[in-house]
Amino acid sequence: SRQVRGLCGTFNGDQRDEFTTPEGDVEPGVAAFANAFRAAGACPALPPRIPDPCDGFPGSRERAEAACAVLMGPAFQ
């Protein structure tokens with residue numbers, strides 16, 4: 001059916017074509033796929049390896065793990 005395209009994928013149940021670019025190419029990685037939709041000059045291109053969000057915010061990983069521990073704990077089982 002291929003009626004849905006873009007950053008949200010194709011929604012056709014086939015994950016192999018989720019990273020289809022506007023030109024119709026299928027990119028193997030997230031960065032190249034996202035860069036295909038980038039407006040020229042609007043923002044910098046993503047590097048080949050997307051940085052871990054926790055690396056930019058000291059202490060974020062520990063806070064996230066503590067919050068997840070509550071959700072995974074006995075209160076929600």
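Reader: Leaving aside its neighbours within four places in sequence, which residues is E27 in contact with?

Author: This is a predicted model, and contacts in it are read from distances between heavy atoms. E27 touches F19, T21, A32 and F33, once the neighbours within four places in sequence are set aside.

Reader: How far apart are the C-alpha atoms of E27 and E65?

Author: They are separated by 32 Å, and the two residues stand 38 residues apart along the chain.

Reader: T21 was among the contacts of E27. Is T21 buried or exposed?

Author: T21 is buried, because its relative accessibility is 5%, with the cut-off for buried at under 20%. T21 is also placed in the segment before helix 1, the helix that covers 30–36.

Reader: What is T21 in contact with, leaving aside its neighbours within four places in sequence?

Author: Its partners are E27, F33, A36 and F37.

Reader: How should I read a pair of aromatic rings?

Author: Two values describe such a pair: the distance of the centres and the angle of the planes. A search of the whole structure gives two aromatic pairs. One of them joins F33 and F37, with 5.2 Å from centre to centre and 70 degrees between the planes. That pair is edge-to-face because its angle is over 60 degrees.

Reader: Which residues form the aromatic cluster?

Author: F19, F33 and F37 form one cluster. F33 is buried, because its relative accessible area is 5%, whereas F37 is partly exposed, because its value is 31%.

Reader: How many salt bridges does a search of the whole structure find?

Author: The search finds one salt bridge. It links R16 with D14, and the closest N and O atoms are 3.0 Å apart. R16 counts as exposed because its relative accessibility is 71%. D14 counts as partly exposed because its relative accessibility is 24%.

Reader: How many helices and strands does the secondary structure come to?

Author: The protein has two helices and zero strands.

Reader: What radius of gyration does the protein have?

Author: The value is read against that of a compact globule, which for 77 residues would be near 11 Å; the protein has 18 Å. Along the principal axes, its C-alpha atoms fill a box of roughly 45 × 35 × 20 Å.

Reader: What share of the residues is buried, and what share of the contacts joins residues 24 or more positions apart?

Author: Buried residues make up 13% of the 77. Among contacts with a separation of 6 or more, 8% come from residues 24 or more positions apart. The protein exposes about 6,200 Å², and carbon and sulfur atoms supply 61% of that area.

Note on methods: Residues are numbered from 1 along each chain as its sequence is written. This is a predicted model: local features need pLDDT of at least 70, side-chain atom pairs count only at pLDDT 80 or more; totals for chains, interfaces and linings use all residues. Side-chain values use heavy atoms; hydrogens and water are left out. A salt bridge is a side-chain nitrogen of Lys or Arg within 4 Å of a carboxyl oxygen of Asp or Glu. Buried means under 20% relative accessible area, exposed over 50%, partly exposed in between (1.4 Å probe, protein chains only). Helices (H or I, at least four residues) and strands (E, at least two) are DSSP runs, numbered from the N terminus. Contact means heavy atoms within 4.5 Å. Rings of Phe, Tyr and Trp (its six-membered ring) pair if their centres lie within 6.5 Å; planes under 30 degrees apart count as stacked, over 60 as edge-to-face and the rest as tilted. The radius of gyration is taken over C-alpha atoms; the globule rule is 2.2 Å times the number of residues to the power 0.38. Accessible areas come from the Shrake-Rupley method with a 1.4 Å probe; for residues, only the protein chains shown count as cover.
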